[in-house]
Amino acid sequence: MKKYHFVIFILTLFATGATAQQPQWLNPQPFGSDVNDIEFFDSLRGIQVGAFGDLAYTTDGGITWQKTPAGTNHNLFDIEITGNNTAMAASDTMLIHTTDGGATWSELAVLPGYAFFDLDMVNASAGFALVRADTTELYYQLAKTIDAGESWEILNHQFIRAGKIAFPD
């Protein structure tokens, strides 16, 4: 009797193993890598950025995400929504932007010798960024734009230890 139960047990293991589903990546879709920031234009349209230049947009409130080329394979750290269909994303090599809700992206600015990490625009033209010269350091400098991100000026050459900036709109 014990042999009979053992044989049924072994057959059950093989049967369930043969029909088991393969692992499937569920979240964060569609990358499978780190997501560094998610921002929404409205309740349906949003953008997410992550490691290795991963960038995607949604038009259904985040139920599905469409991966889109960022124009870089470097890390993307932060998104700043700047208008109804416009946004910027900070990379460790450049600033990129979209004018069509995130479907396409292009280079907006490069700050030679610095990497962008955090953005905060106070209006359509003026804003600030945390930048640093060495991506392994924990100290940042503050940069400012007055032309919608096309050019940037380092405001001070003192290092600050911060990971996020925010200014009232």
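Is D54 buried or exposed? I started my notes with this residue, keeping in mind that the model is predicted. D54 turns out to be buried, with a relative accessible area of 10%.

**Entry 1: D54 and its partner**

I placed D54 in the loop between β2 (46–50) and β3 (55–58). Next I looked for what its side chain touches, and found a polar contact of 3.3 Å to the side chain of K67. I also have this pair down as a salt bridge, K67 to D54, at 3.3 Å from N to O. K67 sits in strand β4 (residues 66–67) and D54 in the β2–β3 loop, so the pair ties together parts that are 13 residues apart in sequence. I then checked the cover on K67: its relative accessibility is 51%, so K67 counts as exposed. The cut-off for exposed is over 50%. For D54, the 10% is under the 20% limit, which means buried.

**Entry 2: the other salt bridge**

How many salt bridges does the structure hold? I get 2. Besides K67 and D54, I noted D42 and R45, whose side chains meet at 3.0 Å, N to O. D42 is partly exposed, with a relative accessible area of 35%. R45 is buried, at 18%.

**Entry 3: the whole chain**

I stepped back to count elements and got 1 helix and 12 strands. Of the 169 residues in the chain, 38% are buried. I also looked at contacts with a separation of 6 or more, and 34% of them are between residues 24 or more positions apart. The chain exposes about 10,000 Å², and carbon and sulfur atoms supply 57% of that area.

**Entry 4: the four-stranded sheet**

I traced an open sheet of 4 strands, in the order β9-β10-β11-β12, with antiparallel pairing. Its edge strands are β9 (115–121) and β12 (153–154), each pairing on one side only.

I went through the pairings in turn. β9 and β10 are joined by 6 bridges in the antiparallel sense, and they form a hairpin with 5 residues between them. In this pairing I found A115 opposite R132 of β10. β10 and β11 also run antiparallel, over 5 bridges, and L130 has L142 in β11 as its bridge partner. β11 and β12 pair antiparallel over 2 bridges, where K144 is partnered by E153 in β12.

**Entry 5: the cover on β10**

How many of the residues of β10 are buried? I count 6 of its 6, so the strand goes down as mostly covered. As a reminder to myself, side chains in a regular strand alternate between the two faces of the sheet. I checked each side of β10: G127, A129 and V131 are buried on one, and F128, L130 and R132 are buried on the other.

**Entry 6: a nonpolar patch**

Which residues make the nonpolar surface patch of about 320 Å²? I have L138, Y139 and F159. Y139 lies in the loop between β10 (127–132) and β11 (141–145). I looked up its cover too: Y139 is partly exposed, with a relative accessible area of 37%.

Conventions
Residues are numbered from 1 along each chain as its sequence is written. This is a predicted model: local features need pLDDT of at least 70, side-chain atom pairs count only at pLDDT 80 or more; totals for chains, interfaces and linings use all residues. Side-chain values use heavy atoms; hydrogens and water are left out. Patches are made of residues with over 30% relative accessible area and no salt bridge: like charges are joined within 9 Å, nonpolar side chains (Val, Leu, Ile, Met, Phe, Trp, Tyr) within 5 Å. Accessible areas come from the Shrake-Rupley method with a 1.4 Å probe; for residues, only the protein chains shown count as cover. A salt bridge is a side-chain nitrogen of Lys or Arg within 4 Å of a carboxyl oxygen of Asp or Glu. Buried means under 20% relative accessible area, exposed over 50%, partly exposed in between (1.4 Å probe, protein chains only). A polar contact is a pair of N or O atoms within 3.5 Å; within protein, one must be able to donate a hydrogen and the other to accept it, and residues adjacent in sequence count only if both atoms are side-chain atoms. Two strands pair if DSSP finds at least two bridges between them. Contact means heavy atoms within 4.5 Å.
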